[in-house]
Amino acid sequence: MGNQTLGEEYTGIVQANLKELKVPSLTMRILAIMLEIFGERILLKLLRQLQAQVNEPDNQLTTEAVTFLNIFLFKLRATVPILVLFHKGIFYIYGRFYSWGRRITDLDYAKIYGQQVSTVSWGLKLLGVITIIQSLLRIWHDDVPQDTIAISNSSDINYASHNCQLCLEAEATTATLCGHLFCWRCLSDWLRNKSQCPFCREHVPPSRIIHLMNL
């Protein structure tokens, strides 16, 4: 029928909308793929742009409002990757909608031939519980750094620039896997002590940081 990938055909599954009991349209499948690949990045980018607008020197916001919005937006940006991780834990437990894009578009899988699997294995359920606990622990440990307030009160910081988000002075030449920019010295010093992104707390192995050219 031309609606299966090679892996789906091999395992005997097909993408389906189980609520309406029909094969989804090509448009919905493309939308699910786009949300899965770019959804989190677009959301984080929109939040960064909103935070940059909040910190523009010519806005009409009070100092208290700027401080509150900076803390709120920072927490919101740090929460998005945790929610994605939490959703993975739900998928491991129930075996449905392995990404937010598929949940939004109601795209699931239906077994059409081969051996039927009616329940999720205990190993995956255990992995789901561990993943949810991990996401909750990350929420508990993730605090807004003290310099966020100082940054919000500084009118000469340009969030749209390519400066390091730690020292705020050197040009950012290094990116983490989650897309945040830092100078090489700050990021390498940080990762020696803690293998997390200094901004969103996403796990970052020191061997996976990326040196950027032509920013």
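This is a predicted model: local features need pLDDT of at least 70, side-chain atom pairs count only at pLDDT 80 or more; totals for chains, interfaces and linings use all residues.

Me: Okay, how many helices and strands does the chain have?

Reply: Seven helices and five strands. Going along the sequence, the order is α-β-α-α-α-β-α-α-β-β-α-β.

Me: And what share of the residues is buried?

Reply: Buried residues account for 31% of the 215 in the chain. As for contacts between residues at least 6 apart in sequence, 56% of them join residues at least 24 apart.

Me: What does UniProt list for residues 164-201?

Reply: An unreviewed UniProt entry gives "domain: RING-type" for that stretch. In the model, residues 164-201 are 26% helix and 11% strand, with the end C-alpha atoms 16 Å apart.

Me: Which residues of helix α7 are buried?

Reply: Helix α7 spans residues 184-193, and its buried residues are Cys186, Leu187, Ser188 and Leu191. The cover over them includes β3 (174-175) and β4 (181-182).

Me: Which residues make up the largest nonpolar core?

Reply: There are 12 in all: Phe74, Cys164, Phe182, Cys183, Cys186, Leu187, Leu191, Cys197, Phe199, Cys200, Val204 and Ile209. Helix α7 is the top contributor to this core, with three residues. Another core lies apart from it, made of six residues, including Leu47, Val54, Val66 and Leu73.

Me: Let's stay with Phe182. What is Phe182 in contact with, leaving aside neighbours within four places in sequence?

Reply: Quite a list: Cys164, Gln165, Leu166, Ala172, Thr173, Thr174, Thr176, Leu187, Cys197, Pro198 and Phe199. Among them, Cys164, Leu187, Cys197 and Phe199 are also members of the largest nonpolar core.

Me: Changing topic to Glu202. Where does Glu202 sit?

Reply: Glu202 is in the loop between α7 and β5 (210-211). Its relative accessible area is 27%, so Glu202 counts as partly exposed, the class between the 20% and 50% cut-offs.

Me: What does Glu202 touch, beyond residues up to four places away in sequence?

Reply: Glu202 touches Pro81, Arg138, Cys178, Ser195, Gln196 and Cys197. Also, Glu202 and Ala78 are 124 residues apart in sequence, but their C-alpha atoms are 8.5 Å apart in space.

Me: How does the lining of the second largest pocket divide into nonpolar, polar and charged?

Reply: It has 13 nonpolar residues, six polar and four charged.

Me: What about Ile90, where is that and what does it touch, again not counting residues up to four places away?

Reply: Ile90 is in helix α3, and it touches Gly95, Arg103 and Ile132. Gly95 is one of the residues nearest the centre of the second largest pocket, too. Ile90 and Val129 are 39 residues apart in sequence and 8.2 Å apart between C-alpha atoms.

Me: Is Ile90 buried or partly exposed?

Reply: Partly exposed: its relative accessibility is 23%, and the buried class is under 20%.

Me: And Gln134, which helix is that in?

Reply: Gln134 lies in α5, residues 122-141. Its relative accessible area is 40%, which makes Gln134 partly exposed.

Me: Last one, backbone angles. What is phi of Leu21?

Reply: Phi of Leu21 is near 55°, which is positive, and Leu21 isn't a glycine. Most residues other than glycine have a negative phi. Leu21 sits in the loop between β1 (13-16) and α2 (26-54), and is exposed at 72% relative accessible area.

Me: And what about phi of Asp106?

Reply: Asp106 also has a positive phi, about 60°. Asp106 is in the loop between α4 (100-105) and β2 (108-111). At 24% relative accessibility, Asp106 is partly exposed.

Conventions. Residues are numbered from 1 along each chain as its sequence is written. Side-chain values use heavy atoms; hydrogens and water are left out. Helices (H or I, at least four residues) and strands (E, at least two) are DSSP runs, numbered from the N terminus. Buried means under 20% relative accessible area, exposed over 50%, partly exposed in between (1.4 Å probe, protein chains only). UniProt positions are given in the numbering used here, feature names are shortened, and annotations may be inferred rather than shown by experiment. Contact means heavy atoms within 4.5 Å. On a 1 Å grid over the protein atoms alone, a cavity is a set of points where a 1.4 Å probe fits but cannot get out, and a pocket is an open set with protein on both sides within 12 Å along at least five of seven lines; lining residues have an atom within 4 Å of a point. Ala, Val, Leu, Ile, Met, Phe, Trp, Tyr, Cys and Pro count as nonpolar, Asp, Glu, Lys and Arg as charged, and the others, Gly among them, as polar. A nonpolar core is a set of buried Ala, Val, Leu, Ile, Met, Phe, Trp, Tyr and Cys residues joined through side-chain atoms within 4.5 Å.
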